[in-house]
Amino acid sequence: MGMASTAIHTFVFYLSEHPSIVGFRWSSAQYLGSTWLFLFSSIASFILLSLSLHLFLPLFLRPGRPLPLGPLPAIHSLLMSLISVTIFSGILLSAAAEIRDTRWFWRRSKTPFQWLLCFPLGTRPSGRVFFWSYVYYLSRFLHMLRTIFCILRHRKLAFFQLFNHSISTFMSFLWLEFSQSFQVLAILFTTLVYSLVYGYRFWTAIGFRRACFPFVFNCQILLLGCNLISHVGVFLLHFFKGGCNGIGAWILNSVLNCAILLLFLNFYVRMYLGKRAKIDVVDGIESKPESTSVLSLNAGREVDMPKLKLH
């Protein structure tokens, strides 16, 4: 019991009570990637690199021949899954600690759940949850490698994938820059789903069987649904409970999330109403299954996924 208690205490300390976490203050002059110039230049570089690989790779490789990547995609998936679990644990413990330490300031007007959705007006980007928000923001750049791997392996570039990765990085920067409400729940939802999705990708990359349903796609739909419900909660709290911090950034965030949701719904409808074909879906990329089995949906009916690739 003593060793277990010590291990738990150490775990909690390094995820929510370390001085670097408690004393975190978002500053454009202090942290890597904290300037608008870095944000826009990095996203532009990512888009340019993706388009360049998509356009010029066929000049050097035979049509339909993927570039062998070895264990890199599996290692990337395992790393992203572990990072997502760490961020999820860190921000969960940090949110609990922040509620414990600052509840005296807002307890008359908000419940802990309302605080998770709606920061009090005047909230500054400092403290535990914003430290993990910063770590989440940095992890988005590592997440972008997924697009590069898909281009190299499948020789296709999905517009949705390019848009989603760029926008998610941009939105995570806004969360920090404007102390935007809703970000705690958004990070909790996203890292929980990504820990499962990337764990599943690692599982299949090392040779284990795929699920009998589109696991990744359904997880992404679930994530967007949770985000949509949370946005409704922020809207109600802002207009009926005295206002939420960073509401301007939240409005832009909501518009971008709606665009992502519409793309997903379009993809979802076309997936179930499309023609029959033997294909699989990975992040909006169509690819033929590596095995002879066919991805079956709707009581075993083979379906056709829409092509969302850039020409």
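**Terms and the values behind them**

Modeller: This is a predicted model, in which local features need pLDDT of at least 70, side-chain atom pairs count only at pLDDT 80 or more, and totals for chains, interfaces and linings use all residues. Residues are numbered from 1 along each chain as its sequence is written, and side-chain values use heavy atoms, with hydrogens and water left out.

Biologist: What makes C118 and C244 a disulfide?

Modeller: The term requires a pair of cysteine sulfur atoms within 2.5 Å. The S to S distance of C118 and C244 is 1.9 Å, and they are joined as a disulfide. The structure holds one disulfide.

Biologist: Where in the chain do C118 and C244 lie?

Modeller: C118 is in the loop between α5 (112-117) and α6 (128-143), and C244 is in the loop between α10 (215-240) and α11 (247-273). The pair is 126 residues apart and links distant parts of the chain. Helices here are DSSP runs (H or I, at least four residues), numbered from the N terminus.

Biologist: Why is the disulfide of C118 and C244 called left-handed?

Modeller: The torsion about the S-S bond is about -110 degrees, so the disulfide of C118 and C244 is left-handed.

Biologist: How do you know whether C118, a cysteine of this pair, is buried or exposed?

Modeller: Buried means under 20% relative accessible area, exposed over 50%, and partly exposed in between (1.4 Å probe, protein chains only). C118 has 0% relative accessibility, so C118 counts as buried. C244, at 1%, also counts as buried. C226 has a relative accessible area of 25%, and is therefore partly exposed.

Biologist: Which residues does R140 touch?

Modeller: R140 is placed in helix α6 and, at 2% relative accessibility, counts as buried. Not counting residues up to four places away in sequence, R140 touches M80, S168, T169, S172 and Y194; contact means heavy atoms within 4.5 Å.

Conventions. Helix = DSSP H or I, 4+ residues; strand = E, 2+ residues; numbered from the N terminus.
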